[in-house]
Amino acid sequence: MTTAVPAMPGLTLASIGQGFWRLLPLSMFVVVFGLAYGLAAVQTGLSPVQIVFMSFAVFAGTAQFAALELWGNQIPVFPLLVTTFAINARLLLMGASLYPWLKQVPAGQRYGSLLVMSDANWAMTLNDCQQGKPNLGMLVGGGVAIWVTWMGGTLLGMTFGNLIANPALFGLDMVMGCFMLSMVFGGRKSLRIVVVWCVAALTGWLAYIYLPENTHVVVGAVGGGLVGLFWLDQQPAKPQEASES
Amino acid sequence: MMATDGINGLMVILLMAAVTLITRFGGVLVMSVVPINPRVESFINAMSGSVLIAILVPVAVEGDVAARMALLATAGVMLALRRPMPAIAAGIAVAAGWRYLM
């Protein structure tokens, strides 16, 4: 990150349009994930307004699925927020990786474009930047493409979800679990990562048995995180996340 | 604990959105003050996978056989093809198939 950085041009409508059309084909996969979320949210018992508002305002699929896992007539707010933070903590790193380029544009554009930062448009933007073709329109336009398809998928899933009487019969109660597991297994794998997973599973399971309800998520997250804190990756981390590719 | 009916649920979602926004802005904000060191980066990376594992533990331990088979299928396809879509589809198909046949 200390090498000379090509200048990042300011945001233009044309560049946003380019970013939008570049990511739109890939965003079709997002429709399917949105559909899965809408379906799961209906099963969980959220109201239509709540389901749409969550996709609209949170716009983070994995965290939304996790919220459904905790959702009931009552919800433990603190565990929910810690879980949301832990799942979305990767966005911290993603934002930080774009900092050398984002610092060149006015604060309004910098933070405005971060509003729609998601895995796929971030990955493409960073790739462009590292190849010497920094383009903020990719982040914004791509983000808009993902947001629109995410909302569309959510609406589809909601409609569809109300039509299915017994989702478990079709295995649809497993949408959430399978989605989350695929996100875990999508990243890079090494002995270190496997140890992290095992510690997370073990501490989470022990907390699930012995500690108060809903603490297992936080305990497992911190347990696995601590392994990472003391066991550093040898290779420098590559900008690669599980994205819909 | 907080109720999730109507407007209360929307408040909960608003709080979630606020936390998510902090993570979207946070990386750039922090970097403008002090660079994130490799140890913190490693902690965050390990934590974001761990939280998903921790959520899945009760599903895997207490779910029915079909649920466990579904997770196994997802893991297997994901390791083989490295693509989420077929992995999730396989999981759902296995759960549905298992419940139909067993």
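Chain A splits into domain 1 (13–186) and domain 2 (188–234), going by its domain assignment. This is a predicted model, so keep that in mind while reading on. Chain B gets two domains as well, with domain 1 covering 1–36 and domain 2 covering 37–102. Between them, chain B and chain A bury about 7,000 Å².

**Domains within each chain**

- In chain A, the C-alpha centres of domain 1 and domain 2 sit 24 Å apart.
- Nine residues from domain 1 of chain A and seven residues from domain 2 of chain A make up the contact between these two domains.
- Domain 1 and domain 2 of chain A bury about 620 Å² between them, and 70% of that is on carbon and sulfur atoms.
- Over in chain B, the C-alpha centres of domain 1 and domain 2 are 26 Å apart.

**Where chain B meets chain A**

- Chain B puts 69 residues into the contact, and chain A puts in 91 residues.
- Of the roughly counted total, about 7,000 Å², 77% falls on carbon and sulfur atoms.

- Helix α10 of chain A (residues 216–230) packs on helix α2 of chain B (residues 38–62) at an angle of about 145 degrees, and their axes are 6 Å apart.
- The crossing of α10(A) past α2(B) is right-handed.

**A helix pair inside chain A: α1(A) and α6(A)**

- Helix α1 (residues 13–44) and helix α6 (residues 119–130), both of chain A, pack at an angle of about 140 degrees with axes 11 Å apart.
- That angle makes α1(A) and α6(A) oblique to each other.
- α1(A) goes past α6(A) in a right-handed crossing.
- A:R22, A:L23 and A:L26 from α1(A) meet A:A120, A:N121, A:M124 and A:D128 from α6(A).
- The residues in this contact of α1(A) with α6(A) come out as four nonpolar, one polar and two charged.

Notes:
Residues are numbered from 1 along each chain as its sequence is written. Chains are lettered from A and ligands numbered from 1 in the order in which they are written. This is a predicted model: local features need pLDDT of at least 70, side-chain atom pairs count only at pLDDT 80 or more; totals for chains, interfaces and linings use all residues. Side-chain values use heavy atoms; hydrogens and water are left out. Axes are lines fitted to C-alpha atoms, for helices over the stretch in contact, and angles run from 0 to 180 degrees between N-to-C directions. Helices (H or I, at least four residues) and strands (E, at least two) are DSSP runs, numbered from the N terminus. Angles under 35 degrees count as roughly parallel, over 145 as roughly antiparallel, 65 to 115 as roughly perpendicular and the rest as oblique. A crossing is left-handed if the near helix is turned anticlockwise from the far one by less than a right angle, and right-handed if clockwise. Contact means heavy atoms within 4.5 Å. Ala, Val, Leu, Ile, Met, Phe, Trp, Tyr, Cys and Pro count as nonpolar, Asp, Glu, Lys and Arg as charged, and the others, Gly among them, as polar. Domain bounds come from an automatic or database domain assignment. Buried area is the accessible area (1.4 Å probe) that two parts lose on being put together, summed over both.
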